[in-house]
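Q: Please go through the packing and the open space of this model step by step, with the criteria behind each term.

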Amino acid sequence: MSHSVDFRRHVLNVREKEKWSIRETAKRFHIGATSITRWLKRIEKNPSSPRQRKIDKAALLKDVERYPDAYQHERGKRFGGVPKPFGRP
């Protein structure tokens with residue numbers, strides 16, 4: 001879960017006003033100390049980018065329709081080669 005920038009500012013302002021340590025602040029707000037440490041360095045959220053797919057989603061859907069009971073390693077072969085599972089001949 002990602003906290004809003006307003007909440008982050010509030011937490012850091014209370015920490016500064018009350019002179020709490022990072023651990024005390026984390027305990028009082030029920031959040032991780034690592035989050036507070038990260039917010040002290042950069043309060044804005046990291047921008048997210050669209051997920052890059054390794055295979056075409058439409059092609060995968062067609063393959064699932066055509067071979068609904070296929071094993072993943074069989075589907076992997078059709079999409080460019082995936083090594084055989086460990087222990088298989």
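A: A crossing is right-handed if the near helix is turned clockwise from the far one by less than a right angle, and left-handed if anticlockwise. This is a predicted model, in which local features need pLDDT of at least 70 and side-chain atom pairs count only at pLDDT 80 or more, while totals for chains, interfaces and linings use all residues. Residues are numbered from 1 along each chain as its sequence is written, and side-chain values use heavy atoms, leaving out hydrogens and water.

Q: Which hand does the crossing of α2 and α3 have?
A: Helices here are DSSP runs (H or I, at least four residues) numbered from the N terminus, and the axes of α2 and α3, lines fitted to C-alpha atoms over the stretch in contact, lie 8 Å apart. They pack at about 120°, on a scale from 0 to 180 degrees between N-to-C directions. The crossing of α2 past α3 is right-handed.

Q: How do the residues of the contact of α2 with α3 divide by class?
A: Contact means heavy atoms within 4.5 Å, and α2 contributes Ile 22, Thr 25 and Ala 26, whereas α3 contributes Ala 33, Ile 36, Thr 37 and Leu 40. With Ala, Val, Leu, Ile, Met, Phe, Trp, Tyr, Cys and Pro counted as nonpolar, Asp, Glu, Lys and Arg as charged, and the others, Gly among them, as polar, the division is 5 nonpolar, 2 polar and no charged.

Q: Which residues of α3 meet α1?
A: The axes of α1 and α3 come within 11 Å and cross at roughly 95°, which means that the two helices are roughly perpendicular. On the α1 side the contact uses Phe 7, Arg 8, Val 11, Leu 12 and Arg 15. Across from them, the residues of α3 are Ile 36, Trp 39 and Leu 40.

Q: Which helix gives the largest share of the lining of the largest pocket?
A: The lining has 2 nonpolar, 4 polar and 5 charged residues. The largest share, 3 residues, comes from helix α3.

How values were computed: Angles under 35 degrees count as roughly parallel, over 145 as roughly antiparallel, 65 to 115 as roughly perpendicular and the rest as oblique.
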